[in-house]
Amino acid sequence: MTEVLDGVREHYRATGLTERLKTALSALGPQDQRLTPQQLGALDQFHTRGLAATAELAELAGITADMSVLDIGSGVGGPARFLAATYGCHVTGVDLSEPFVDAARYLTERTGQSGQVSFQVASALELPLDDGSFSVVLLQHVAMNISDRARLYREIRRVLKPRGRFATFDVVLSSGEPHYPLPWARTPATSFLLTAAATREAIEPAGFRTLAWKDDTEAAKAWMAQLRASVPPPSPNLGVVMGPDFAQLSANLGRNLMEGRLGILTAVLEAAPINT
Ligand SMILES: C[S@@+](CC[C@H](N)C(=O)[O-])C[C@H]1O[C@@H](n2cnc3c(N)ncnc32)[C@H](O)[C@@H]1O
(Lines give C-alpha, C1' and ligand atoms only; values in the text may rest on other atoms or scores of the structure.)
Protein backbone atom coordinates (compact mmCIF):
# COMPACT_ATOMS: atom_id res chain seq x y z
CA MET A 1 0.00 0.00 0.00
CA THR A 2 2.85 2.41 0.84
CA GLU A 3 4.25 2.02 -2.67
CA VAL A 4 0.90 2.90 -4.22
CA LEU A 5 0.52 5.98 -1.98
CA ASP A 6 4.06 7.06 -2.89
CA GLY A 7 3.18 6.72 -6.57
CA VAL A 8 0.04 8.84 -6.12
CA ARG A 9 2.05 11.47 -4.13
CA GLU A 10 4.59 11.53 -6.94
CA HIS A 11 1.85 12.20 -9.50
CA TYR A 12 0.65 15.22 -7.45
CA ARG A 13 4.17 16.31 -6.37
CA ALA A 14 3.70 19.90 -7.73
CA THR A 15 7.16 21.26 -6.84
CA GLY A 16 7.10 24.96 -5.92
CA LEU A 17 3.33 25.09 -6.31
CA THR A 18 2.56 27.91 -3.87
CA GLU A 19 5.21 30.13 -5.49
CA ARG A 20 3.82 29.37 -8.95
CA LEU A 21 0.32 30.23 -7.72
CA LYS A 22 1.54 33.57 -6.31
CA THR A 23 2.98 34.45 -9.72
CA ALA A 24 -0.07 33.27 -11.68
CA LEU A 25 -2.49 35.09 -9.37
CA SER A 26 -0.72 38.41 -9.81
CA ALA A 27 -2.74 38.58 -13.07
CA LEU A 28 -5.90 38.90 -10.89
CA GLY A 29 -4.63 41.77 -8.71
CA PRO A 30 -2.13 42.68 -5.96
CA GLN A 31 -1.24 40.16 -3.18
CA ASP A 32 -3.30 41.96 -0.55
CA GLN A 33 -6.45 42.01 -2.66
CA ARG A 34 -9.06 39.50 -1.50
CA LEU A 35 -10.03 36.90 -4.12
CA THR A 36 -13.39 35.13 -4.45
CA PRO A 37 -13.80 31.35 -4.85
CA GLN A 38 -15.43 32.09 -8.26
CA GLN A 39 -12.29 33.90 -9.50
CA LEU A 40 -10.24 30.80 -8.73
CA GLY A 41 -12.71 28.35 -10.31
CA ALA A 42 -10.65 27.46 -13.42
CA LEU A 43 -7.63 26.74 -11.23
CA ASP A 44 -8.84 25.12 -8.03
CA GLN A 45 -11.70 22.77 -9.01
CA PHE A 46 -9.76 19.69 -10.03
CA HIS A 47 -12.53 17.62 -11.62
CA THR A 48 -14.75 17.53 -14.71
CA ARG A 49 -17.33 20.33 -14.94
CA GLY A 50 -15.45 22.42 -12.35
CA LEU A 51 -17.42 24.71 -10.05
CA ALA A 52 -20.80 23.69 -11.55
CA ALA A 53 -20.22 20.06 -10.54
CA THR A 54 -19.34 21.03 -6.96
CA ALA A 55 -22.43 23.26 -6.72
CA GLU A 56 -24.72 20.47 -7.99
CA LEU A 57 -23.22 17.85 -5.68
CA ALA A 58 -23.53 20.14 -2.66
CA GLU A 59 -27.17 20.81 -3.46
CA LEU A 60 -27.89 17.11 -3.88
CA ALA A 61 -26.23 16.44 -0.51
CA GLY A 62 -28.43 19.09 1.16
CA ILE A 63 -25.61 21.04 2.83
CA THR A 64 -26.69 23.72 5.30
CA ALA A 65 -24.82 26.31 7.42
CA ASP A 66 -24.87 24.28 10.65
CA MET A 67 -23.17 21.23 9.10
CA SER A 68 -19.56 20.18 9.49
CA VAL A 69 -18.25 19.06 6.12
CA LEU A 70 -15.20 16.92 5.35
CA ASP A 71 -13.68 17.06 1.86
CA ILE A 72 -11.47 14.00 1.31
CA GLY A 73 -8.76 14.46 -1.31
CA SER A 74 -9.36 18.19 -1.13
CA GLY A 75 -6.70 19.10 -3.71
CA VAL A 76 -5.90 22.81 -3.68
CA GLY A 77 -9.13 23.45 -1.78
CA GLY A 78 -11.51 24.95 -4.35
CA PRO A 79 -14.55 22.83 -3.42
CA ALA A 80 -14.02 23.46 0.32
CA ARG A 81 -13.83 27.25 -0.18
CA PHE A 82 -16.87 27.24 -2.45
CA LEU A 83 -18.98 25.28 0.07
CA ALA A 84 -18.00 27.54 2.96
CA ALA A 85 -18.71 30.70 0.94
CA THR A 86 -22.03 29.42 -0.41
CA TYR A 87 -23.53 27.69 2.63
CA GLY A 88 -21.67 29.24 5.58
CA CYS A 89 -20.62 25.77 6.84
CA HIS A 90 -17.25 24.82 8.30
CA VAL A 91 -15.15 22.64 6.01
CA THR A 92 -12.13 20.45 6.76
CA GLY A 93 -10.04 19.21 3.83
CA VAL A 94 -7.59 16.31 3.92
CA ASP A 95 -5.19 15.41 1.16
CA LEU A 96 -2.22 13.11 0.64
CA SER A 97 -0.19 15.76 -1.20
CA GLU A 98 1.75 18.17 1.03
CA PRO A 99 2.28 20.76 -1.74
CA PHE A 100 -1.47 20.72 -2.44
CA VAL A 101 -2.29 21.28 1.23
CA ASP A 102 0.23 24.18 1.39
CA ALA A 103 -1.34 25.66 -1.73
CA ALA A 104 -4.86 25.15 -0.35
CA ARG A 105 -3.92 27.05 2.83
CA TYR A 106 -2.35 29.87 0.81
CA LEU A 107 -5.39 30.23 -1.48
CA THR A 108 -7.70 30.17 1.55
CA GLU A 109 -5.76 33.07 3.08
CA ARG A 110 -6.19 34.92 -0.22
CA THR A 111 -9.98 34.43 -0.06
CA GLY A 112 -10.06 35.42 3.65
CA GLN A 113 -11.65 32.09 4.70
CA SER A 114 -8.97 30.64 7.00
CA GLY A 115 -11.32 30.84 10.01
CA GLN A 116 -13.89 28.65 8.30
CA VAL A 117 -11.88 26.28 6.14
CA SER A 118 -8.85 24.23 7.22
CA PHE A 119 -6.64 21.61 5.59
CA GLN A 120 -4.41 18.81 6.75
CA VAL A 121 -2.12 16.26 5.16
CA ALA A 122 -3.54 12.75 5.63
CA SER A 123 -4.44 9.58 3.79
CA ALA A 124 -8.09 8.84 3.10
CA LEU A 125 -7.36 5.30 4.28
CA GLU A 126 -6.28 6.44 7.75
CA LEU A 127 -8.11 9.63 8.61
CA PRO A 128 -6.78 11.35 11.77
CA LEU A 129 -10.37 12.27 12.70
CA ASP A 130 -12.83 11.15 15.37
CA ASP A 131 -15.69 8.74 14.75
CA GLY A 132 -19.02 10.35 13.94
CA SER A 133 -17.67 13.89 13.63
CA PHE A 134 -19.02 15.07 10.24
CA SER A 135 -22.49 15.66 8.79
CA VAL A 136 -21.31 15.41 5.18
CA VAL A 137 -18.29 13.84 3.47
CA LEU A 138 -17.42 14.90 -0.06
CA LEU A 139 -15.25 12.79 -2.39
CA GLN A 140 -14.71 14.30 -5.84
CA HIS A 141 -12.41 12.66 -8.39
CA VAL A 142 -10.34 10.83 -5.74
CA ALA A 143 -11.57 7.22 -5.58
CA MET A 144 -9.84 6.36 -8.86
CA ASN A 145 -6.50 6.86 -7.06
CA ILE A 146 -7.42 4.39 -4.31
CA SER A 147 -7.06 0.63 -4.64
CA ASP A 148 -8.50 -0.43 -1.28
CA ARG A 149 -12.05 0.79 -1.80
CA ALA A 150 -13.54 -1.27 1.02
CA ARG A 151 -11.23 0.46 3.49
CA LEU A 152 -11.86 3.90 1.93
CA TYR A 153 -15.63 3.62 2.28
CA ARG A 154 -15.36 2.16 5.81
CA GLU A 155 -13.24 5.15 6.85
CA ILE A 156 -15.82 7.51 5.37
CA ARG A 157 -18.61 5.71 7.24
CA ARG A 158 -16.59 5.85 10.48
CA VAL A 159 -16.16 9.65 10.47
CA LEU A 160 -19.79 10.34 9.48
CA LYS A 161 -22.56 10.88 12.01
CA PRO A 162 -25.43 8.36 11.78
CA ARG A 163 -27.65 9.55 8.90
CA GLY A 164 -24.81 11.76 7.67
CA ARG A 165 -24.41 12.10 3.92
CA PHE A 166 -21.65 10.80 1.68
CA ALA A 167 -21.55 12.70 -1.63
CA THR A 168 -19.29 11.34 -4.34
CA PHE A 169 -18.46 12.47 -7.87
CA ASP A 170 -15.98 10.22 -9.62
CA VAL A 171 -14.68 8.76 -12.82
CA VAL A 172 -15.76 5.18 -13.50
CA LEU A 173 -14.82 2.49 -15.98
CA SER A 174 -17.32 1.96 -18.81
CA SER A 175 -15.95 -0.39 -21.45
CA GLY A 176 -12.43 -1.21 -22.54
CA GLU A 177 -9.11 0.06 -21.24
CA PRO A 178 -8.61 3.82 -20.95
CA HIS A 179 -5.87 5.71 -22.79
CA TYR A 180 -3.19 7.16 -20.50
CA PRO A 181 -1.79 9.57 -19.30
CA LEU A 182 -4.80 10.94 -17.39
CA PRO A 183 -5.23 13.87 -14.95
CA TRP A 184 -5.07 11.52 -11.90
CA ALA A 185 -2.50 9.01 -13.17
CA ARG A 186 0.12 9.17 -15.90
CA THR A 187 0.23 5.35 -16.03
CA PRO A 188 -2.17 2.55 -14.93
CA ALA A 189 0.09 1.90 -11.87
CA THR A 190 -1.75 4.52 -9.79
CA SER A 191 -5.21 4.26 -11.37
CA PHE A 192 -7.82 2.00 -9.76
CA LEU A 193 -10.99 2.56 -11.71
CA LEU A 194 -14.14 0.54 -11.04
CA THR A 195 -17.40 0.41 -12.97
CA ALA A 196 -20.38 2.27 -11.50
CA ALA A 197 -21.94 -1.07 -10.49
CA ALA A 198 -18.74 -2.26 -8.76
CA THR A 199 -18.49 1.11 -6.99
CA ARG A 200 -21.97 0.64 -5.56
CA GLU A 201 -21.11 -2.90 -4.50
CA ALA A 202 -18.09 -1.51 -2.64
CA ILE A 203 -19.89 1.42 -0.97
CA GLU A 204 -23.16 -0.06 0.31
CA PRO A 205 -21.65 -2.87 2.47
CA ALA A 206 -19.60 -0.22 4.31
CA GLY A 207 -22.91 0.89 5.85
CA PHE A 208 -24.62 3.15 3.33
CA ARG A 209 -28.07 3.46 1.83
CA THR A 210 -28.23 5.00 -1.65
CA LEU A 211 -30.28 8.20 -1.93
CA ALA A 212 -29.26 9.36 -5.42
CA TRP A 213 -27.33 7.58 -8.17
CA LYS A 214 -26.74 9.42 -11.47
CA ASP A 215 -24.79 8.85 -14.65
CA ASP A 216 -23.27 12.26 -15.49
CA THR A 217 -21.24 11.18 -18.51
CA GLU A 218 -23.22 13.15 -21.09
CA ALA A 219 -22.90 16.42 -19.14
CA ALA A 220 -19.16 15.81 -18.77
CA LYS A 221 -18.80 15.19 -22.52
CA ALA A 222 -20.61 18.43 -23.33
CA TRP A 223 -18.39 20.34 -20.89
CA MET A 224 -15.23 18.81 -22.40
CA ALA A 225 -16.34 19.79 -25.89
CA GLN A 226 -17.01 23.35 -24.72
CA LEU A 227 -13.61 23.54 -23.03
CA ARG A 228 -11.87 22.36 -26.20
CA ALA A 229 -13.63 25.07 -28.17
CA SER A 230 -12.60 27.89 -25.79
CA VAL A 231 -9.43 29.39 -27.29
CA PRO A 232 -7.45 30.61 -25.44
CA PRO A 233 -8.29 28.46 -22.37
CA PRO A 234 -9.35 30.25 -19.15
CA SER A 235 -6.38 31.67 -17.25
CA PRO A 236 -4.96 30.92 -14.74
CA ASN A 237 -6.01 27.26 -15.00
CA LEU A 238 -5.07 23.79 -13.69
CA GLY A 239 -1.92 23.85 -15.84
CA VAL A 240 -0.41 26.02 -13.07
CA VAL A 241 -1.07 23.21 -10.58
CA MET A 242 -0.23 20.11 -12.67
CA GLY A 243 2.38 21.45 -15.10
CA PRO A 244 2.68 21.87 -18.87
CA ASP A 245 1.34 18.41 -19.78
CA PHE A 246 -2.06 19.10 -18.16
CA ALA A 247 -3.66 19.96 -21.52
CA GLN A 248 -2.70 16.49 -22.80
CA LEU A 249 -3.94 14.75 -19.62
CA SER A 250 -7.26 16.54 -19.85
CA ALA A 251 -7.60 15.89 -23.61
CA ASN A 252 -7.12 12.17 -22.93
CA LEU A 253 -9.91 12.19 -20.35
CA GLY A 254 -12.14 13.81 -22.99
CA ARG A 255 -11.16 11.16 -25.55
CA ASN A 256 -11.91 8.31 -23.13
CA LEU A 257 -15.34 9.81 -22.35
CA MET A 258 -16.14 10.30 -26.05
CA GLU A 259 -15.07 6.72 -26.89
CA GLY A 260 -17.23 5.30 -24.08
CA ARG A 261 -14.23 3.92 -22.15
CA LEU A 262 -14.86 6.07 -19.07
CA GLY A 263 -17.95 7.56 -17.45
CA ILE A 264 -18.79 10.00 -14.66
CA LEU A 265 -20.82 9.04 -11.60
CA THR A 266 -22.60 11.24 -9.07
CA ALA A 267 -24.03 9.63 -5.95
CA VAL A 268 -25.31 10.62 -2.53
CA LEU A 269 -25.68 8.00 0.19
CA GLU A 270 -26.87 8.05 3.78
CA ALA A 271 -24.83 6.54 6.60
CA ALA A 272 -26.83 3.81 8.27
CA PRO A 273 -26.58 3.67 12.07
CA ILE A 274 -23.70 1.39 13.14
CA ASN A 275 -24.89 -1.75 14.97
CA THR A 276 -22.95 -2.27 18.18
C1 LIG B 1 -8.02 14.94 -9.16
S2 LIG B 1 -7.61 15.62 -7.61
C3 LIG B 1 -9.20 16.19 -6.99
C4 LIG B 1 -9.06 17.27 -5.95
C5 LIG B 1 -10.36 17.82 -5.36
N6 LIG B 1 -11.22 16.75 -4.83
C7 LIG B 1 -11.12 18.61 -6.39
O8 LIG B 1 -12.10 18.06 -6.92
O9 LIG B 1 -10.74 19.75 -6.66
C10 LIG B 1 -7.34 14.15 -6.62
C11 LIG B 1 -6.83 14.48 -5.23
O12 LIG B 1 -6.92 13.31 -4.42
C13 LIG B 1 -5.80 13.26 -3.57
N14 LIG B 1 -5.61 11.87 -3.15
C15 LIG B 1 -5.36 10.78 -3.92
N16 LIG B 1 -5.26 9.68 -3.15
C17 LIG B 1 -5.45 10.06 -1.87
C18 LIG B 1 -5.48 9.39 -0.61
N19 LIG B 1 -5.25 8.06 -0.51
N20 LIG B 1 -5.72 10.12 0.50
C21 LIG B 1 -5.94 11.46 0.42
N22 LIG B 1 -5.92 12.15 -0.73
C23 LIG B 1 -5.69 11.47 -1.87
C24 LIG B 1 -4.67 13.79 -4.45
O25 LIG B 1 -3.55 14.18 -3.71
C26 LIG B 1 -5.37 14.93 -5.19
O27 LIG B 1 -5.28 16.13 -4.49
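This tour goes through the sheet and then the ligand site of a predicted model.

Residues are numbered from 1 along each chain as its sequence is written, and side-chain values use heavy atoms, with hydrogens and water left out. Because the model is predicted, local features need pLDDT of at least 70 and side-chain atom pairs count only at pLDDT 80 or more, whereas totals for chains, interfaces and linings use all residues.

**The sheet.** Begin by selecting the strands (DSSP runs of E, at least two residues, numbered from the N terminus), seven of which form an open sheet in the order β3-β2-β1-β4-β5-β7-β6, with mixed pairing; two strands pair if DSSP finds at least two bridges between them. At its edges are β3 (117-121) and β6 (208-215), each of which pairs on one side only.

Select β6 next, together with β7 (residues 262-271): the two run antiparallel and are joined by 7 bridges. Within this pair, T210 stands opposite L269 in β7.

**The ligand.** Now select the ligand and the 23 residues around it, of which F46, H47, G73, D95 and A124 come nearest (a residue is near if one of its heavy atoms lies within 4 Å). This shell divides into 11 nonpolar, 10 polar and 2 charged residues, with Gly counted among the polar ones.

A polar backbone atom of F46 is 2.8 Å from an oxygen atom of the ligand, while a backbone N or O atom of G73 lies 2.6 Å from a ligand nitrogen atom. At L96, a polar backbone atom is 3.2 Å from a nitrogen atom of the ligand. On its own the ligand has 600 Å² of accessible area, and the protein covers 99% of this (Shrake-Rupley method, 1.4 Å probe).

Terms used
Helices (H or I, at least four residues) and strands (E, at least two) are DSSP runs, numbered from the N terminus. A polar contact is a pair of N or O atoms within 3.5 Å; within protein, one must be able to donate a hydrogen and the other to accept it, and residues adjacent in sequence count only if both atoms are side-chain atoms.
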